[in-house]
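Visitor: Could you take me on a close look at a single part of this chain? I would like to see how that part sits among its neighbours.

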Amino acid sequence: MRSAAALIAASLVLTGCVSFGGASETPESLLTLTPSASSPVGSGVTSGVEGSAGSIAVLTPEVPAKLDVLRVPVNVSNSEVAYLQNAVWIQKPARLFRSLLGETLRTASGDTPALLVLDTSDTPLRPTQTLRGTLIDMGYDPASSSVVVRFEAVHTMDDGRVTSRRFEAREDGVLPEAASVGPALNVAANTVAKDVAAWVLAAE
């Protein structure tokens with residue numbers, strides 16, 4: 001059961017910084033996810049030749065209805081979700097997280113032979129591996145003043161094996177406002193992406 005302090009905090013968040021409908025006005029800026037590391041300009045990978053590490057397709061993750069929007073969800077209770085005022089993504093969370101996963105995998109697989117990472121839908125290449133899953137949560141928890149990113153990953157390997165693992169990262173002490181929640185979500189999403197990349201590469 002939540003403490004009285006947590007309930008009061010949640011109430012303050014709802015009255016001050018959360019709306020249940022669309023944004024009343026265009027926000028001054030839009031949120032995005034930026035990888036903490038990127039492949040250097042001019043780098044490249046070849047697949048399908050002797051000695052190559054193969055290729056992996058990073059698919060757009062499934063999401064619950066609360067994440068299939070451009071808003072940042074606030075988990076008010078187990079049965080109630082609101083949205084953080086003025087916190088608007090530049091693109092839906094699933095696509096942003098897919099791009100982040102792809103770039104993180106690409107960077108983590110930098111040693112030769114490197115894995116060719118495909119994180120776009122339009123590709124003529126048949127990948128030897130796939131990474132898919134469900135982005136379960138990427139939002140704000142007012143009871144703990146934290147953001148949470150939770151991802152259920154499913155990795156299909158080149159020999160047909162399929163494994164899954166759930167990953168989660170939190171950032172605590174976050175104010176219920178877009179200027180604080182956006183950067184905190186970016187840090188948490190990068191943490192999850194790095195953990196997923198390490199898991200995938202360790203399975204080769």
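Guide: Happy to! From the N terminus on, the elements run α-β-β-β-β-α-β-β-β-β-α, which makes 3 helices and 8 strands. Helices (H or I, at least four residues) and strands (E, at least two) are DSSP runs, numbered from the N terminus. This is a predicted model, where local features need pLDDT of at least 70 and side-chain atom pairs count only at pLDDT 80 or more, while totals for chains, interfaces and linings use all residues. Residues are numbered from 1 along each chain as its sequence is written, and side-chain values use heavy atoms, with hydrogens and water left out.

Let's settle on helix H2, residues 93-108.

Buried here means under 20% relative accessible area, with exposed over 50% and partly exposed in between (1.4 Å probe, protein chains only). Among the buried residues of H2 are Leu 96, Phe 97, Arg 98, Leu 100, Leu 101 and Glu 103. The buried residues of H2 pack against strands E2 (55-58), E5 (116-118), E6 (129-141) and E7 (146-156), and against helix H3 (178-202); contact means heavy atoms within 4.5 Å.

Now for the rings: the whole structure holds 2 aromatic pairs. Rings of Phe, Tyr and Trp (its six-membered ring) pair if their centres lie within 6.5 Å; planes under 30 degrees apart count as stacked, over 60 as edge-to-face and the rest as tilted. Phe 97 and Phe 151 form an edge-to-face pair, 5.1 Å centre to centre with 65° between the planes. This pair links Phe 97 in helix H2 to Phe 151 in strand E7, 54 residues apart, and both residues are buried.

Conventions:
The expected span of a helix is 1.5 Å times one less than its number of residues.
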